[in-house]
Amino acid sequence: EGLKDLGLFEVGPVYLPTENSGIKEPLRVSGLVAGSGLGTVWGSRADAYPADFYMVKGIVEALLNALGISAVTFEPTTHSLLHPYRAARVLVGGVELGTLGELSEATTSSQDVARRACIFDLDGDVLAQLATGTTASAKAMPRYPAVVRDLAPVFSKDVAFAAIEEVARVAAGENLESLRLTDVYEGTGVAEGSRSLTLRFTFRSASGTLTDAEVEAALQEVRASLYRLGGELRS
């Protein structure tokens, strides 16, 4: 819930008919990316790094590198689901491993998915045969919704952001999923030599939906810790 910048993958068999009326179950490794690769980051627009062909190509390259697979090449291709000029097949030592590219407008419209969504689909059996080792890891998607809150403390420029971030992370507690700096303001209403920092806290629990009281208790700890560091929190 609340996710619009997506990076999804699935590893599993597909079921295909054979010539003798049987079923074969090849393993596939597939994924989709859509939205922004940056999210909300201070100094950059949310759409500064949108999902595109080069993003999904980089993801595939990173995956193959993590599996110890080299000699990878990409060749232009066509596919009924993909954009006619933004698709490629993946080859390893001349062996075709799969396909990647941007979904065509006809596909995104008919399937009600985001424009500029990109996919990859790789042969998992060949991947397993070619892999020489792995440093890759993954975790399950969250089951419960996130709660997002902003605080805007004012600090002297002499206080390093690294110190502010460390104090805020520790105080936010175990349910803090992420902390981002989304804005820095200097000007009217802020004393000379100081700056207002907008900190975006995302809270999520792996065991259930967080209550407003739980989130507010965590933010109270953050406010107290930032105050002790010299921050001013305006109402």
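1. E61 is partly exposed, with a relative accessible area of 35%; buried means under 20% relative accessible area, exposed over 50%, and partly exposed in between (1.4 Å probe, protein chains only). Its partner in a salt bridge is K57, and the closest N and O atoms of the pair are 2.9 Å apart. A salt bridge here is a side-chain nitrogen of Lys or Arg within 4 Å of a carboxyl oxygen of Asp or Glu. K57 is also partly exposed, at 21%. Both residues lie in helix α1 (residues 53-66), four residues apart, about one turn of the helix. Helices (H or I, at least four residues) and strands (E, at least two) are DSSP runs, numbered from the N terminus.

2. This is a predicted model, in which local features need pLDDT of at least 70 and side-chain atom pairs count only at pLDDT 80 or more, while totals for chains, interfaces and linings use all residues. Residues are numbered from 1 along each chain as its sequence is written, and side-chain values use heavy atoms, with hydrogens and water left out.

3. E102 and R116 form a salt bridge at 3.0 Å, N to O. This pair links distant parts of the chain, 14 residues apart: E102 is in strand β7 (residues 95-103), and R116 is in the loop between α2 (105-111) and β8 (118-123). E102 is buried at 4%, whereas R116 is partly exposed at 38%.

4. In the salt bridge between E177 and R204, the closest N and O atoms are 2.7 Å apart. Because E177 lies in strand β11 (residues 176-185) and R204 in the loop between β12 (194-203) and α5 (212-228), the pair ties together parts 27 residues apart in sequence.

5. The structure holds 13 salt bridges.
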